[in-house]
Amino acid sequence: MTDDTLLDRALIRLEEAASHLAIDQDVIEKLKYPRETTKTRLLIRMDDGSRKSFLAWRCRYDDTRGPTKGGIRFHPNSTAEEVETLAFWMTFKCAVMNLPYGGGKGAVRVDPRTLSRTELERLSRAYMQAFATTVGPDRDIPAPDVYTNAMIMGWMADEYYQITGSVTPAVITGKPIALGGSLGRNDATARGGFYLVRHLAAELGLSGARTVAIQGFGNAGQYFAQLAADDGNKVVAVSDSAGAIHKPDGLDVTALIAGKNAGRRVTDLAAELGATVITADELIAVDAEVLVPAALEEMITAANAAGIKAKVVLELANGPVTAEADKILADKGVVVLPDILANAGGVTVSYFEWVQNRQGFYWDLEEIHARLQKMMDREGRAVWNIARDRNVSVRSAAYIHALGRLSTAIEAHGTQPFFVG
């Protein structure tokens, strides 16, 4: 065991990328630490009349390129370290996509499944009460993340309006359409990853219909499954927090999603779908061309990476592959399309929502899809070319691409050579 934190392990990517660029040490010093992390306790009245407190955080990691941007997750295992690491990744994700943002993140340590709907609303509003001076359309813009959704964002936005006395839809993204949300936001993370794989299919050695395995059948996993199936591909295995199922000739994705929406686990659906129940590690090792980790951080590790048979790993989750697993996959010839590029569709369409809120003019779905595809294709191609030209992994290429933009912005404020002449 080591004393390395999740953020320490994430910073390995920064150091590796920096070794390929001639950048000032001031840049690294600025990006090694978050600009600010605020911790508080949210005290709410429960339905039984008691009061209960919940730990909550908001991190603004770096705002050199613009206001910070990042989701809020409700999860029983959330920590300050996790929030800071997610904000670090968001900093690089926004730079990869050339969005005018820095990275932020927030969390509440809670299992929202244990709360009633009224308790969930109180908690959501309490979060905004606590962080109303931290967030703002020109300072820090939250969005949904794990176990949060459009309605929760709507509650938070409404609370911000009550506090500030001004209706400011651009303060938060991922809102319901009726409250200033953007069309196309619900499937944006999955759609961005889908566009990326399709754009790079020839380079990735993927031709014709593809077989896909999805680890984590939540929002992103379900939408990716539907997009893949609609494009003629076979989804052969999926998992959720309770287990996994496998069917080599392809699962009925529509029936699978309907079952999940009805509150059933994927293993509950195995018999009627003609699938076999397998373990989580067996899912990672199924015979599929594309493996899509869409759950939580560090799910693919040195302990299970060697079993992966996929040609491509598409990271729809944040940080699902550890640095040690990356090396194993590289030795096996598996291409990892990294999170800061592969799942950037979500923040990109959040950016579209922010832009639409600020201008008071809203685009139709076809325009949003076209804009997203153009940006995923453009940045995906740029990252792929860096990987090819520098003979580095796609992950390293993505960090090099992002760090180049970040360093240009940081150096524009002046670094040591400027001040010492």
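Reply: Buried means under 20% relative accessible area, exposed means over 50%, and partly exposed lies in between, with a 1.4 Å probe and protein chains only. Please note that this is a predicted model, in which local features need pLDDT of at least 70 and side-chain atom pairs count only at pLDDT 80 or more, while totals for chains, interfaces and linings use all residues. Residues are numbered from 1 along each chain as its sequence is written, and side-chain values use heavy atoms, with hydrogens and water left out. As a case of burial, F92 is buried, and Y399 is buried too.

Me: Where do W155 and A280 fall on that scale, buried, partly exposed or exposed?

Reply: W155 has 15% relative accessibility and therefore counts as buried, whereas A280, at 46%, counts as partly exposed. W155 is in helix α5 (residues 150-164), where helices are DSSP runs of H or I with at least four residues, numbered from the N terminus. Leaving aside residues up to four places away in sequence, W155 touches R117, L120, E121, S124 and R125, contact meaning heavy atoms within 4.5 Å.

Me: How are the rings of F92 and Y399 placed?

Reply: Rings of Phe, Tyr and Trp (its six-membered ring) pair if their centres lie within 6.5 Å, and planes under 30 degrees apart count as stacked, over 60 as edge-to-face and the rest as tilted. The structure holds 12 aromatic pairs. For F92 and Y399 the ring centres are 5.1 Å apart and the planes stand at 40 degrees, so this pair is tilted. Because F92 lies in helix α3 (residues 80-96) and Y399 in helix α16 (residues 394-411), the pair ties together parts that are 307 residues apart in sequence.

Me: At what angle do helices α6 and α15 pack?

Reply: Axes are lines fitted to C-alpha atoms, for helices over the stretch in contact, and angles run from 0 to 180 degrees between N-to-C directions. Angles under 35 degrees count as roughly parallel, over 145 as roughly antiparallel, 65 to 115 as roughly perpendicular and the rest as oblique. Helix α6 (residues 188-199) packs against helix α15 (residues 365-390) at about 50 degrees, with the axes 9 Å apart, and the two are therefore oblique to each other.

Me: Which residues of α6 and α15 meet?

Reply: From α6, A188, R191, G192, Y195, L196, R198 and H199 meet H369, L372, Q373, M376, D377, G380 and R381 of α15.
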